[in-house]
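User: I am new to this structure and would like to go through it by question and answer. Please show it to me first.

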Amino acid sequence: MRRLTGDPVAILVGGMALVVALVFLVYPLVNGLLLAFVRNGSDISLANLTLVNFERFFVSTSYRHAFMNSIVTSGGATLLAAALGVPMAFAVARVEIAWRPVVLALSVIPLIAPPFIGAYAWVRILGNNGIVTQLLIEYLGVRPPPIYGIWGVTIALALSYLPYLFLMVQGTLAASDPTIEEAARMTGASSPRILRTITLPLAAPAIAAGMLVVFIKALGDFGVPSILGGEMQVLPTLIYYQIHGFFNLNAGSAIAIVNVLLTIMGLGLLALVNRRSVSTLTGSSRGSVRARGVGSRIAANVYIWFVLILALLPQALVALYSFSLRWGDTLLPSSYGLDNYRSMASEAFTTMGNSIVLSGLATLCCVIFGAIAAYATARGRIAAKWAIDLTIMLPFVLPGLVVGVVYLGAFNDGPLVLTGTAAILIFAYFTRRVAFVFRSAATAVAQIDTKIEEASTVCGASWGTTMRRIMVPLVAPGLLAASILVFATLIGEISATVLLYSANWKPISIAIYERVLGNELARASALGTICNLATLALILMASRLAGRSMSDMFR
Amino acid sequence: MMTNRRVFLSTLAAVGAAPMLAKPVMAAETVVVYSAISTKLMQAFVESFQKLNPGTTVQVISGGSGELLTRIKAERNNPRGDILLGPDADTFDSDLGLFASYVSKEAAAFDPAAVQKDHKYSGLSTNFQVFIVNTKLMPLDQTPKTWKDLVKPEFKGKVLMANPAQSGSAFSQLHQILALYGWDVMDQIIANATFVSSSKLAFQNIAKGEIPLGLTSEFNVLQSKADGDPVEAVYPQDGTALIVDASAIIANGPNPEAAKRFIDFVNSKQAHELLVSIDKRRSARKDVAPPPGLTPISAIKVVPYDTVSAAKDKGRELERFDQAFSKK
């Protein structure tokens, strides 16, 4: 442990990480959060401190409703995602199924898709005049309940963010040491008993972490409730209109803080689950054993594809829409063609290129900084570990549009001017996603015994060499999976991007959003489909280059 | 392990180079346009403007009206944009200090009501707020004919409006109804209609057959009709107002000269003819005919809409709306 305080390389690396954290995380966010505690229009100073911006939660009925709606829809989406995702993860990890890499690759797609078009797609599928609704009425004579409101929002949110939970739990189940379960079986434990006393407790931390991510993402989602919510308001819709409707950053920031408090409650619950959990030494030489029985294989395949088709339904509709030339209020498009692709091709090419550069560099920043910070908190003697934890986690929880406004305020004038460059987007993306990488890296570092490092040092290796030859290779697989998720989700980022992008660096998410705003949904769908496929191809390529297939990576 | 080192070093280099990724500006002059108009129309504007001004590059930043205004306000100390193009006039009225006065050389061709009195902004299109009806779900002889008809029980659950706290056009609808009838009628409409977050839904969901009737700007009806949707516009017989959307020069923007040239172009007859043909909107210029298919003004009962009082009363009226809405 003294290495971190002694070695000059370690000090340099740690110092750089500290500067990055101060400039790009602490400075803008403290600025933004303090806004919540002064009146709209007054400066941030001690004399101006007030709680008036929070008053509305007690005075206004619609604020209270929005607060409750946010808890119910995000909480419901989290439970639903767990109910669907955990069995799916179990089926993929523990049963010999067909096309495992395909299943894993497809499951990432809902995370890539830019937010709005997915919500529009649900209207086309399950709306009053949707495809499925009309088929049900025509052939079964039943009219399904309307999707507008709490139910529709909850289901759409659950299916959009399910992949996070599925991939995290699947990874843990696939990697967990099979010997414990084998020992239990040999001593005569029944399968349900093994599941209850060994398998589930071992997977509990991953399930809880996955649920937390789903909860955070659902709590911050604006697109789904604004399209499917009907009259229902949630916290993100309130924030959106306080900021973009009234430029009341103070009220917007106050609502965001309430949002953050809800998440911290979620973190508290997570800590409870983790305290009860059992830890084993991971990294055993073989992965878990997969069931081969015909019955379990059929059941697993049927279930996996059921969930997958459900989650991919909106994107399938987007793909269909992209080929439609005319689609009025009929069940299916009345004419098809490639015109949307033809007219969007060159724009898709340029903007997708920009997106790849922006998201790629941001992901790289996340990996470098997240890994260093994780190492420092796990190994270093840092007094305020929780402060680092909070600094990194906070922006992940803050809605993107708050991060966007705060960044614009911090880097448009003053000592460091970044507006108009690609850098402002890269650093904003970094700010929004570094927590995700940090978490994965922290878990990975915590699992590596300090003795390995000590052995390396005893043999005369410098800190840098130990890092490069011991730590990086051991932590890399976990980081790769996390960075793929970060990259995929950054491609579709809109809420911070729309405030920060410049004309030379227009990403594809903005190109899609432009068409959505202009009511050109068919062209937006063509761009969206290109975006999905290109990102998927990149992910597959990255995993090939790293010498791993998708199925090895998420474990 | 050499590869590891190389990867590590090139990674560091790439991160270090990131701030320098600002691409060099090619043309001699640039104008940065914050645009809330449709991509189709904006592309046509850029092409025509560049034919007239070959030396000037147009950089377009697009977004919703609110998002663009947020950008301009957050950039106030060091403006990055030159032009704001397309939001409703009351968006500009909410903070006139953000915009520069400029008497466009086209000013004489405009209806005076469509130009701000200090020439901070000038009108782009003028739009009536109308009922959009899906004729498959609601035959034309059964639709409401007036704003007041919206309170009738037979329309309960069949009318979609945008939440006025969340949409500029929905606020102007609210303000109009209040000017005509006051809160008594408005409270009943609040009980009867459905108020959604996004103003786009108030015509999209009608066009796609989700809900029979909505409140929207007339050009949205014409556009949906052109897309093949079974919709018609009904102009409220108790009177509807023309809502102006506009364009302005952002004060202290980076390219003031190019900005003036761009505004002169946007105000030109040529640009307004594009507006009519591509977006099917009524032009704010006196010498440009409305798009075919729109009801002539002579057949519409027009009531005045005062953007200044609308901006003044907005806070109070929205507060009152919120009270009634949250009791639903």
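User: How do the residues lining the second largest cavity divide into nonpolar, polar and charged?

Analyst: The model shown here is a predicted one. In it, the lining of the second largest cavity is made up of 15 residues. By class, these divide into 9 nonpolar, 5 polar and 1 charged.

User: Which strand gives the most to the lining of the second largest cavity?

Analyst: The space in this cavity is about 90 Å³. Tyr102(B), His119(B), Tyr121(B), Ser122(B) and Ile263(B) are the lining residues that lie nearest its centre. At least two lining residues each come from β5 (121-134) and β10 (242-250) of chain B. The most, 3 residues, is given by β10(B).

User: How many cavities of 30 Å³ or more does the structure hold?

Analyst: Rolling a probe the size of a water molecule over the atoms shows where empty space is left. For cavities of 30 Å³ or more, the number held by the structure is 7.

User: How many residues apart in sequence are the parts that Arg282(B) and Glu218(B) tie together?

Analyst: The side chains of Arg282(B) and Glu218(B) meet in a salt bridge, at 2.8 Å from N to O. Arg282(B) belongs to strand β11 (residues 282-283) of chain B and Glu218(B) to helix α8 (residues 218-226) of chain B, so the parts tied together by this pair are apart in sequence by 64 residues.

User: What is the relative accessible area of Asp149(B), the salt-bridge partner of Lys152(B)?

Analyst: The closest N and O atoms of Lys152(B) and Asp149(B) are 3.3 Å apart. Lys152(B) is partly exposed, at 34% relative accessible area. Asp149(B), in turn, is buried, with a relative accessible area of 14%.

User: Which helix supplies the largest share of the nonpolar surface patch?

Analyst: The patch has about 870 Å² of accessible area together, and its residues include Leu135(A), Phe323(A) and Leu338(A). Leu338(A) is found in the loop between β2 (335-336) and α15 (339-379) of chain A, and is partly exposed at 45% relative accessible area. The largest share, 3 residues, comes from chain A's helix α7 (residues 131-140).

Methods: Residues are numbered from 1 along each chain as its sequence is written. Chains are lettered from A and ligands numbered from 1 in the order in which they are written. This is a predicted model: local features need pLDDT of at least 70, side-chain atom pairs count only at pLDDT 80 or more; totals for chains, interfaces and linings use all residues. Side-chain values use heavy atoms; hydrogens and water are left out. A salt bridge is a side-chain nitrogen of Lys or Arg within 4 Å of a carboxyl oxygen of Asp or Glu. Buried means under 20% relative accessible area, exposed over 50%, partly exposed in between (1.4 Å probe, protein chains only). Helices (H or I, at least four residues) and strands (E, at least two) are DSSP runs, numbered from the N terminus. Patches are made of residues with over 30% relative accessible area and no salt bridge: like charges are joined within 9 Å, nonpolar side chains (Val, Leu, Ile, Met, Phe, Trp, Tyr) within 5 Å. Accessible areas come from the Shrake-Rupley method with a 1.4 Å probe; for residues, only the protein chains shown count as cover. On a 1 Å grid over the protein atoms alone, a cavity is a set of points where a 1.4 Å probe fits but cannot get out, and a pocket is an open set with protein on both sides within 12 Å along at least five of seven lines; lining residues have an atom within 4 Å of a point. Grid points are joined across faces, edges and corners, and a volume is the space filled by probe spheres set on the points. Ala, Val, Leu, Ile, Met, Phe, Trp, Tyr, Cys and Pro count as nonpolar, Asp, Glu, Lys and Arg as charged, and the others, Gly among them, as polar.
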